[in-house]
Amino acid sequence: MAPLRCLVLLPALALALGPAAAEGSRRLPALEALGQAEELAEELWGAGLPGDLPELEPECRQLLADFAEGSAALTGCLGRSARPVRLCQACHRHYRHLLAQYGNIARAVGNSSESHNCAKSILTSDRLQIVVTLSDFFNETWEAANCPNCLKNNSEGLSNSTVEFLDLFNKSLTCFEHNLQGQTIHLSVNNYTEVCKNCNKTYKMLNDLYNNLQRTNRQGGESGHSAHLCIDVEDAMNITRKLWSRTFNCSVPCSDTVPVIAVSSFILFLPIVFYLSSFLHSKQKKRILILPKRIQSNASLVNIQEKYS
Amino acid sequence: QLTPSSFLRIGQLSNVDLNEDVHELETELPRQRPNEIPHNEKLLSLKYEASALWDASLDYDNSENQLFLEEERRINHTAFRTVEIKRWVICAMIGILTGLVACFIDIVVENLAGLKYRVVKGNIDKFTEKGGLSFSLLLWATLNASVVMVGSVIVAFIEPVAAGSGIPQIKCYLNGVKIPHVVRLKTLVIKVCGVILSVVGGLAVGKEGPMIHSGAVIAAGISQGRSTSLKRDFKIFEYFRRDTEKRDFVSAGAAAGVSAAFGAPVGGVLFSLEEGASFWNQFLTWRIFFASMISTFTLNSVLSVYHGNAWDLSSPGLINFGRFDNEKMGYTIQEIPIFIFMGVVGGILGALFNALNYWLTMFRIRYIHRPCLQVVEAMLVAAVTATVGFVMIYCSRDCQPIQGSTVAYPLQLFCADGEYNSMATAFFNTPEKSVVNLFHDAPGSYNPMTLGMFTLMYFFLACWTYGLTVSAGVFIPSLLIGAAWGRLFGISLSYLTKGSIWADPGKYALMGAAAQLGGIVRMTLSLTVIMMEATGNVTYGFPIMLVLMTAKIVGDYFVEGLYDMHIQLQSVPFLHWEAPVTSHSLTAREVMSAPVTCLRRIERVGTVVDILSDTSSNHNGFPVVESNPGTTQVAGLRGLILRSQLIVLLKHKVFVERANLSLVQRRLKLKDFRDAYPRFPPIQSIHVSQDERECMIDLSEFMNPSPYTVPQEASLPRVFKLFRALGLRHLVVVNNRNEVVGMVTRKDLARYRLGKEGLEELSLAQT
């Protein structure tokens with residue numbers, strides 16, 4: 001539902017959130033047709049192979065087709081939800097499916113002899129190993145996005161905290177939207193006091209929730225897990241913060257320059273006093289020179305000894 | 001009282017002898033009173049004794065007196081093999097313990113500093129919203145100052161020798177100068193606590209330099225098998241209780257310390273070689289390497305366990321420069337001239353650093369010599385460091401997005417939400433972390449203004465901090481300064497060339513760090529290898545070597561290295577590799593001290609006691625001359641005996657009369673001398689009754705019968721070579737009738753130095 005909301009947001013928000021979202025689902029019909037034609041040709045070619053060359057068992061071919069379909073769906077989903085980032089929310093089902101399909105291939109032994117099992121012929125029989133590459137790519141992307149962080153432990157659906165966060169996020173976006181209505185952005189650039197005042201509470205809640213999530217994540221996550229939250233949550237927070245403090249200019253910290261200058265100049269002044277006073281009042285350390293007992297100074301040594309005797 | 005006159009008789013006699021010899025040299029000098037002068041660099045302190053490394057008398061291997069021969073006859077082949085095995089065991093223990101101490105320091109610093117930064121960060125975050133940031137500033141300054149106060153108090157009042165990085169002290173020790181207390185357990189404890197406190201206190205210091213000192217103390221302690229500070233004797237390793245063996249182990253300990261500090265075992269070995277070697281042999285090198293490896297491995301495994309990934313061994317040193325991959329951070333051949341230029345800059349900046357620190361140290365020695373003042377000074381520096389950091393952070397408007405960065409304590413302050421203050425990553429962090437950040441943060445995480453201000457401020461802070469009465473090292477601050485301006489250099493370079501090929505400022509940060517460190521400490525071989533091992537990339541060896549070489553050449557043109565400078569300022573009689581080049585015209589006769597207090601082979605106890613307790617002549621070795629009792633005729637040199645040996649003899653009352661009286665008295669063994677090592681009791685603690693003063697003492701059994709001697713005409717460089725190569729402590733100067741004319745000690749040689757206007761002579765001073 002979040003992408004839908006984006007479509008109805010104000011132009012400024014849409015601009016901030018990225019234009020990609022609006023155009024995600026559009027595909028060129030000509031390209032589609034071309035692709036279908038190619039698929040058809042491939043199928044003909046695959047089916048047209050005579051049975052005497054046992055290239056692939058039918059069930060293996062089915063598994064492969066499933067995998068191809070799944071990866072196409074996942075790719076599409078990833079691309080569509082690239083900006084604003086909705087990867088984990090939108091695609092976790094696709095990803096789970098793909099994992100299962102890959103698992104099927106890897107586990108499938110096929111009904112024939114050892115040399116002809118599906119896993120072997122699909123995964124490892126050529127140099128390119130495209131299925132493995134694809135699967136690795138998806139896994140890496142998933143890990144890099146830290147998606148497991150906002151999913152439930154069994155990866156079915158979003159975790160409770162994530163749902164809560166997204167709700168709050170939507171709430172604050174709605175708040176922004178409401179308060180901006182009736183204002184034209186181009187005219188009054190700095191006049192966002194209304195927003196700042198009214199949405200402060202929601203924003204603070206959102207911010208606190210995010211910080212909490214981050215803290216629990218950092219504590220719970222062992223060193224193996226990275227300290228990042230999943231990309232959806234991070235990005236949502238990022239967008240909101242940018243809107244809040246850059247676009248709306250809501251966070252204006254108190255700058256108390258005068259006391260800081262006073263205190264720091266006092267502290268910086270102390271060493272000068274210290275060094276001056278120790279220079280003036282401390283007794284300079286003197287070294288007592290010792291006359292070396294050398295041949296040149298024999299005369300003086302004779303003197304010393306005369307004094308003794 | 002007969003005694004003084006008998007002592008003087010000998011003195012007078014040898015004096016008369018001299019007057020005959022050097023009649024033409026005698027000039028009428030006005031009698032000068034001992035005068036007082038302010039401290040300056042052209043002084044040698046009498047405080048530092050030479051430790052006898054190869055000295056004939058302390059080193060029983062060479063002191064072929066009768067006791068030694070007896071012991072040698074008793075020891076068989078198996079015993080020698082056991083000794084060899086023990087050496088290896090000791091080296092392993094040195095490595096393990098040094099590694100553990102390093103772990104301890106690291107873990108404690110990490111936790112305490114983390115606590116401090118969390119508290120201050122919480123406070124700043126709180127006051128940013130409400131106003132009143134001056135309280136945060138006060139909190140930060142007070143926290144720093146109070147932590148540093150504790151660190152400084154323990155150093156100033158309990159063990160002043162633990163101040164500083166300890167590298168100059170270890171350098172002197174390995175050179176053969178015995179600095180009091182330098183390898184005691186108490187020093188180690190103070191050093192470790194002091195380092196922790198000064199790093200936590202936010203001073204511009206590192207914990208790496210002191211590791212070298214710590215390693216050395218550990219080595220000295222273990223190899224002796226006892227601790228005099230704890231008054232415990234474990235009755236092990238008694239064979240090693242002498243200066244030569246102890247020195248070998250101390251160099252192993254220093255190497256283990258370097259290796260634990262930087263994860264650089266080879267660098268550690270080379271450090272020992274570069275700083276300490278007046279002699280070297282392969283077996284010793286191999287053992288030292290063993291100790292280094294054990295040390296870094298121990299640190300690595302313990303820290304890995306501590307960080308939760310027990311088996312991946314990812315932290316070989318206290319500081320890790322992080323990974324420098326060839327793909328990302330490789331250099332091309334066109335960049336080498338640029339690196340050399342950076343070396344020049346590093347040399348100039350290093351020389352500036354040293355010159356400033358020289359004046360400051362001189363001022364400190366002259367005026368800030370009372371412990372309370374030193375503590376106050378350290379506290380002020382800590383407070384000012386915090387203030388400067390705060391003001392810089394406060395004024396900085398350089399904000400970076402927090403996403404994807406690895407900042408430990410991101411301070412938001414006036415940045416927009418979700419961003420952090422980039423100046424704070426440099427100041428609001430322990431220096432080690434800041435160095436690594438400067439090496440590895442993505443291009444663009446710092447803007448040039450931030451880096452420039454940081455370099456400038458940190459340069460002065462580090463320069464001000466070094467030489468305070470806290471234990472802390474200069475390695476990390478130098479690296480940090482260098483990394484900051486190096487990164488700045490890299491950024492401006494890629495700006496000038498429109499970001500074409502030399503994109504990554506990280507490698508320039510590394511080269512800048514090397515140049516700055518080389519310009520300050522002027523180490524060459526060992527530093528190259530240390531940097532190379534710390535980056536874990538051998539291809540960087542070549543540019544690092546070039547950079548260090550240039551930095552050293554340029555820096556040496558202006559002033560000498562920081563450690564040498566401090567050694568000189570402390571008036572230590574340090575012997576360099578070679579005698580000053582223009583000193584060939586000086587002969588032993590001009591260099592030596594004369595007249596010499598000699599002892600007769602069979603001497604009256606009273607005379608010995610009086611000579612030893614005479615405070616004005618604090619001699620350590622006494623030539624033993626032949627003389628017939630009853631006559632005053634002084635004959636030729638027969639041997640050399642040490643003060644410590646005389647004290648042991650007096651303590652055990654080995655008098656001729658007593659030997660005749662009680663035959664049951666057990667004979668003195670070598671072990672008795674060894675047990676007293678290294679802290680022989682002072683002469684005042686030995687009671688000699690009036691009757692015993694009249695007894696006679698026979699030295700012939702205990703003296704070293706074949707001391708090294710030179711004729712009077714030997715030139716200074718020749719004498720110097722003997723001292724440096726053999727590690728001598730005393731050298732007797734004889735005339736052609738083998739009669740004692742004078743004595744050359746380390747101080748007599750160290751006082752000649754090549755200054756700006758040719759050969760200079762330093763004066764001796766009492767401290």
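This is a walk through a predicted model, stop by stop, with what to select and what you will find there.

Before you click, residues count from 1 along each chain as its sequence is written, and chains are lettered from A, with ligands numbered from 1, in the order in which they are written. Local features need pLDDT of at least 70, side-chain atom pairs count only at pLDDT 80 or more, and totals for chains, interfaces and linings use all residues, while side-chain values use heavy atoms, leaving out hydrogens and water.

**Stop 1: the domains of chain B**

Colour chain B by domain: domain 1 is 83–127 + 163–307, domain 2 is 333–570 and domain 3 is 588–766. The bounds come from an automatic or database domain assignment. Keep domains 1 and 2 of chain B on screen; their centres, taken over C-alpha atoms, are 24 Å apart.

Now show the residues where they touch. On the domain 1 side of chain B there are 40 residues in contact with 39 residues of domain 2 of chain B (contact means heavy atoms within 4.5 Å). About 3400 Å² is buried between domain 1 and domain 2 of chain B, and carbon and sulfur atoms give 69% of that. Buried area here is the accessible area (1.4 Å probe) that two parts lose on being put together, summed over both. Pick out B:Tyr117, B:Leu203 and B:Ala204: they supply 19% of the area that domain 1 of chain B buries against domain 2 of chain B, more than any other three residues.

Switch to polar atoms. Between domain 1 and domain 2 of chain B, 15 residue pairs are in polar contact, with both residues at pLDDT 80 or more. A polar contact is a pair of N or O atoms within 3.5 Å; within protein, one must be able to donate a hydrogen and the other to accept it, and residues adjacent in sequence count only if both atoms are side-chain atoms.

**Stop 2**

Buried means under 20% relative accessible area, exposed over 50%, and partly exposed in between (1.4 Å probe, protein chains only).

Zoom in on B:Phe427. Leaving aside neighbours within four places in sequence, B:Phe427 has contacts that include B:Tyr117, B:Trp140, B:Ile393 and B:Leu461.

**Stop 2: salt bridges**

Over all chains, the count comes to 19 salt bridges. The rule asks for a side-chain nitrogen of Lys or Arg within 4 Å of a carboxyl oxygen of Asp or Glu.

Start with B:Arg87 and B:Glu245, whose closest N and O atoms are 2.7 Å apart in a salt bridge. This pair links distant parts of the chain: B:Arg87 is in helix α3 (residues 77–130) of chain B and B:Glu245 in helix α8 (residues 243–262) of chain B, 158 residues apart. Helices (H or I, at least four residues) and strands (E, at least two) are DSSP runs, numbered from the N terminus. Are the two residues buried or exposed? Both B:Arg87 and B:Glu245 are buried.

Next, select B:Asp564 and B:Lys171, which meet in a salt bridge at 2.9 Å, N to O. B:Asp564 sits in helix α21 (residues 562–569) of chain B and B:Lys171 in helix α5 (residues 167–175) of chain B, 393 residues apart. B:Asp564 is partly exposed at 23% relative accessible area, whereas B:Lys171 is buried at 11%.

**Stop 4**

Jump to chain A. The peptide bond from A:Arg83 to A:Pro84 is cis, with omega near -15°, and A:Pro84 is found in the loop between α5 (58–80) and α6 (87–107) of chain A.

Back in chain B, B:Ser571 has a positive phi of about 60° although it is not a glycine. B:Ser571 is in the loop between α21 and α22 (588–591) of chain B and is buried, at 4% relative accessibility.

Finish at B:Asn738, also not a glycine, with a positive phi of about 60°. B:Asn738 lies in the loop between β15 (730–734) and β16 (740–745) of chain B and is partly exposed at 32% relative accessible area.
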